[in-house]
Amino acid sequence: MSDLNDELLEVEEEPKLGFIRLIGEESDGYYRYEFIFTNNINEFWGENFEYKPCCLCNGLTPDDKYIDEIHIVKMKIKLDLIQDNCCFSFSDATDGIIAIAWENMDNYDEYPEEGRIFFMFGETLREVEDKLAVKNILMIN
């Protein structure tokens, strides 16, 4: 029973996804993103997160005090990010109404065979790594 309790405690302490920021598009056509994780998901917030729509706030970003880990992800997939959305606020993402990032399919001829990738606020580091692995993408620490 003690092993189960230790395992549950470990899962609860795993960092949670709070924000994804585009660093930029590289000359080789890859997009580079920062995946920002926090150990304080229930208080994770940033200035203007309540503004609707998000796209009205240039440079929407979480408060530094909530950032515990940042992982770099380089991929061919372009993501649409909640902070660029002209319909929802970031608080809609924290409430689980919309993802914080989803695969942009504007230039696709057909729906991806392995499905469309998306990331929800509060997903664990392990859940994010598993989603990326389906698309053969690894995180850089």
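## Partners of E114

At 47% relative accessibility, E114 counts as partly exposed, a class lying between buried (under 20% relative accessible area) and exposed (over 50%), as computed with a 1.4 Å probe on protein chains only. E114 forms a salt bridge with K135, the closest N and O atoms being 3.0 Å apart, where a salt bridge is a side-chain nitrogen of Lys or Arg within 4 Å of a carboxyl oxygen of Asp or Glu. This pair joins distant parts of the chain, 21 residues apart, with E114 in the loop between β5 (101–103) and β6 (118–119) and K135 in the loop between α3 (125–134) and β7 (139–140); helices (H or I, at least four residues) and strands (E, at least two) are DSSP runs numbered from the N terminus. K135 is buried, with a relative accessible area of 14%.

## Basis of the values

The model is predicted, so that local features need pLDDT of at least 70 and side-chain atom pairs count only at pLDDT 80 or more, whereas totals for chains, interfaces and linings use all residues. Residues are numbered from 1 along each chain as its sequence is written, and side-chain values use heavy atoms, leaving out hydrogens and water.

## Other salt bridges

The count comes to 7 salt bridges. One of them pairs E26 with K74, with the closest N and O atoms 3.2 Å apart; E26 lies in the loop between β1 (16–25) and β2 (31–38), and K74 in strand β3 (residues 69–75), 48 residues apart. Both residues belong to a salt-bridge network that also includes D28 and R32.

E123 and K131 meet through their side chains at 2.5 Å, N to O; E123 is buried at 11% relative accessible area, while K131 is partly exposed at 22%.
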